[in-house]
Amino acid sequence: MSCSRRDFLKQACGGTLASILPVSAFTFLTNEEARAAVANANVRWGFLVDTRKCVGCGLCVKACKKENEIPYDAPITRTWVERYVITKDGKAHIDSPNGGRDGFIENVINGEEIDPENIAKAFFVPKLCNQCDNPPCVQVCPVGATYQTDDGVVLVDREWCIGCGYCIMACPYGVRFFHPVHKVADKCNFCYHRITKGMNPACVDACAFDARRIANLRDPDDPVTKIITTERVAVLKDEYGTKPHVFYIGLDENVR
Amino acid sequence: MTSEAVVHGVEWTIKELFVYPNEFIYWSIQIVMYPYMTGLVAGAFVLSSLYHVFGQKDLKEIAQFSLVFSLALLPAAGLPLLLHLQQPTRAMEPLLTPHFTSAISAFGIVFTAYGLIVVSEIWFVYRRYFVDQVNELKGKEGFGNMLRLNIYRVLTMGSFDISEEALAVDHKAAKILAGVGIPVACFLHGYAGFIFGSVKANALWMSPLMPVIFIMSAVVSGIALCMLTYIVIMEWKAFRKRRTEGATAAVEIKGAEIDIISKATTYLLGFLIAAISLEILDLIFRGYTAMKSWDILRSVMYGKDFVNIFVLQYTLGNLVPFVLLLLPGRTLKRTVVALLLVLFGVFMMRWNVVIGGQAFSLSFSGYMHYHVPIIPHSLETFKEGLFGALTVFATPFVLFWIINKYVPSLERGEEAKY
Amino acid sequence: MKWHVLRPLWLAIGLLVVILIARQFLVPDDFGVHGESFTYNFHRLGNVQEWKDFPVKHLGRESCVECHEEKVAMLDASPHAAIECENCHGPAVGHPDDVELLPIERAREHCLRCHQSLEYPNNARSELPNIRNSTHKRRRECVVCHVPHDPREKPAREKRG
């Protein structure tokens with residue numbers, strides 16, 4: 001991070017002032033304004049999920065847990081795969097056992113065996129943190145332990161989190177949880193340690209079907225960015241105004 | 001899995017149908033206790049201010065008591081948050097790096113400010129008493145007296161002037177603080193409501209009415225608890241007086257007590273009506289607008305939580321005490337029953353908001369059931385279980401017992417001139 | 001005016017001063033608004049680097065090929081080419097220095113992640129070569145008859161077990 005001494009002082013003083021004076025709490029910059037003022041703005045990470053390609057193998061979940069040191073058997077996960085089976089009577093059967101870590105190898109959902117004859121459509125939907133432009137989880141953190149980096153990823157400071165759980169409550173997507181070992185809030189960060197080294201997130205590498213892909217939305221030549229900008233993509237729960245940055249191809253009205 | 005790696009929430013959450021993998025009841029009984037205790041603090045203070053600011057003379061006796069009681073309640077409002085934090089050693093961080101866009105960040109500041117107001121007001125009300133005690137204890141022998149003398153010395157903060165003029169200033173300052181304290185108390189509790197009301201991810205919580213509803217029910221519960229504690233203590237005194245000085249003295253105590261209780265009941269009923277109206281308005285509005293979340297909300301309210309909401313909270317906690325207090329020929333016993341029910345009703349309201357808000361999944365396709373850990377088998381199941389909650393509830397009474405030894409708030413007649 | 005009335009105020013100011021002094025010692029120097037928005041960019045700057053330094057566990061096949069050239073070449077030419085080595089062998093971090101042997105995932109359930117037929121209409125899973133777990137050679141590991149590195153091949157006879 002290049003940052004001159006003067007800028008640093010300015011920011012440090014600004015931070016101190018901001019934290020003393022509640023006035024700054026009432027300045028709501030739009031994100032475009034904020035972004036325009038940030039120097040290092042040639043990277044903005046986004047993600048593309050093609051639900052039509054996902055076969056529900058769950059290898060992404062497995063790789064994520066191992067890569068990010070999330071206890072393997074604990075029932076929490078940074079990314080997960082949901083299965084939607086819509087029967088001909090219009091009923092949606094949804095499950096994600098163990099977050100889909102072990103794949104989906106049976107036709108049983110929530111203890112109910114589903115006759116393939118009755119299925120109208122069925123698909124898998126991988127989920128992960130949306131790295132929102134307006135992350136409500138960050139807004140509600142009382143101590144500044146979670147924040148948005150200048151490349152758009154939301155991180156959690158494990159040394160500073162007090163573990164109040166407010167961010168977990170504020171996320172409409174349910175991506176946050178308490179890390180059972182570190183006892184602080186935890187979430188997907190697009191494998192920040194990998195993407196900043198030019199690697200793919202672990203889940204993207206683990207996916208054999210190209211259902212998961214990472215994009216730098218500021219790079220017009222990025223092939224994934226091209227898909228996002230030229231094809232019809234959707235986001236989850238846009239009614240919350242969070243401006244999510246995980247884009248989906250083949251989303252269905254039944255997807256929660 | 002080692003015991004260290006237990007996921008927070010797993011032990012008391014049971015999932016049904018489709019719930020996102022990371023969803024658990026993260027905010028459990030301590031977060032029910034938090035607005036409940038905060039509400040009691042705010043309510044107790046408002047009750048005392050009715051006398052100090054608005055000059056409701058007939059409330060004088062209970063006002064003195066509820067002021068001191070609200071100080072005893074104050075630590076118990078912060079305690080549940082401390083018990084709930086996953087990193088309790090970092091509890092001071094909201095004061096160090098407050099992120100003011102978060103409703104919780106203000107807690108430390110509002111809480112401290114409010115604490116200072118209460119302490120200052122008590123100081124102004126009791127300063128003359130402290131000075132008198134110092135003068136009286138001066139020159140007395142014995143370790144106990146020395147200790148008391150020094151405690152009172154500290155309590156006077158070095159100000160020994162008890163001239164008429166100085167006392168008049170004290171009185172004025174107490175009045176101003178009581179006036180300032182009312183909005184701060186409402187803010188303290190209103191923003192506890194804001195903590196929930198501003199969570200847009202939660203369909204049940206998100207409502208601009210939430211802070212107002214919280215304030216109203218806070219005042220209701222605060223007044224009810226003060227009245228209840230007051231009655232219990234006064235009955236105890238009357239009982240003792242009857243044994244030492246005979247029936248006449250006891251009747252005298254009782255007479256004064258019933259007057260105060262009648263007056264306080266009027267206020268209680270007023271705030272209760274406001275609270276119920278707002279809650280019903282909120283409910284009707286949700287049903288009428290029937291947004292996307294209404295299907296699951298309805299199935300929770302009219303189905304899974306029906307007993308909790310409509311039987312325990314509205315009927316047993318609101319309607320029954322309302323009738324009990326309004327019916328003519330009210331006796332002290334009936335009042336006590338009604339007050340207990342009111343306190344229970346407000347607790348259920350907190351429960352139905354905090355736990356009810358997590359009874360359904362963010363996916364709107366599944367449910368979560370909360371099973372309070374009763375017998376603790378680890379620190380976590382103690383802290384976030386029945387005994388943790390009882391600890392929080394018992395704290396203010398223990399504190400009041402200690403504080404009242406030095407700041408007597410229950411004396412009457414000649415002693416009650418302060 | 002009686003000035004004793006201000007004593008609680010001094011108490012309050014004293015408390016404020018204590019907090020402000022404590023801040024100087026307890027708040028990390030790099031804590032502040034790093035970016036333009038107090039709402040979203042208020043944090044400890046050093047934490048960004050801490051996350052960047054988080055250890056990488058899955059090294060990718062570029063790392064595998066350094067020693068297992070033959071195996072990677074075989075995989076690359078097979079219908080399984082899209083599958084990462086580490087999907088079946090686990091993260092390669094520390095191998096071979098600290099972790100001499102990586103685990104090999106042989107369980108039927110591992111192959112079934114993709115190859116169990118769920119009979120879902122219009123779903124990518126149904127387009128893969130698939131079996132029904134309940135009827136297809138129930139008691140045998142898949143690798144007895146299929147080579148994972150190239151499923152078109154049959155395993156050498158002596159390796160059958």
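Which residues of helix 3 of chain A are buried? The structure examined here is a predicted model, in which local features need pLDDT of at least 70 and side-chain atom pairs count only at pLDDT 80 or more, while totals for chains, interfaces and linings use all residues. Residues are numbered from 1 along each chain as its sequence is written, and chains are lettered from A and ligands numbered from 1 in the order in which they are written.

The opening question concerns residues 59-67 of chain A. The buried residues of helix 3 are Leu59(A), Cys60(A), Val61(A), Lys62(A), Ala63(A), Cys64(A), Lys65(A) and Glu67(A). Here a residue is called buried if 20 or more other C-beta atoms, placed from the backbone, lie within 10 Å of its own; it is exposed if there are 12 or fewer, and partly exposed in between. Helix 3 is largely enclosed by the rest of the structure, because eight of its nine residues are buried. Helices (H or I, at least four residues) and strands (E, at least two) are DSSP runs, numbered from the N terminus. Within chain A, the buried residues of helix 3 pack against strand 2 (80-87), strand 6 (119-127), helix 7 (202-206) and strand 11. Their neighbours in chain C are helix 5 (85-89) and helix 6 (108-115). After helix 3 of chain A comes Glu69(A), with a positive phi near 55°.

In total, 56 residues of chain A are in contact with 46 residues of chain C, where contact requires C-beta atoms, placed from the backbone, within 7 Å. The elements of chain A that each supply at least two residues to this side include helix 2 (31-37), helix 3 and strand 6. Helix 1 of chain A gives the most, with six residues. By residue type, the side of chain A that touches chain C divides into 28 nonpolar, 17 polar and 11 charged. In this count, Ala, Val, Leu, Ile, Met, Phe, Trp, Tyr, Cys and Pro are nonpolar, Asp, Glu, Lys and Arg are charged, and the others, Gly among them, are polar.

Chain A also holds an open sheet of three strands, ordered 11-1-12, with mixed pairing; two strands pair if DSSP finds at least two bridges between them. Strand 11 (212-216) and strand 12 (246-249) stand at the edges with a single partner strand each, so one side of each is left without a neighbour in the sheet. Strand 1 (residues 45-50) and strand 12 of chain A run parallel and are joined by four bridges. Asp50(A) has Ile249(A) as its bridge partner in strand 12. Elsewhere in chain A, strand 2 and strand 3 (residues 92-95) run antiparallel, also joined by four bridges. Tyr84(A) is partnered there by Ile94(A) of strand 3. Four residues lie between the strands of this hairpin, in which Gly90(A) takes a positive phi near 90°.

How far can the model of chain A be trusted? The predictor's confidence in each residue, pLDDT, runs from 0 to 100. Chain A averages a pLDDT of 89, and 84% of the residues score at least 70. Over residues 12-26 of chain A, however, pLDDT stays under 50, as over residues 35-39 of chain A. Where pLDDT is low, the predicted coordinates should not be read in detail.

Technical notes
Contact = placed C-beta atoms within 7 Å.
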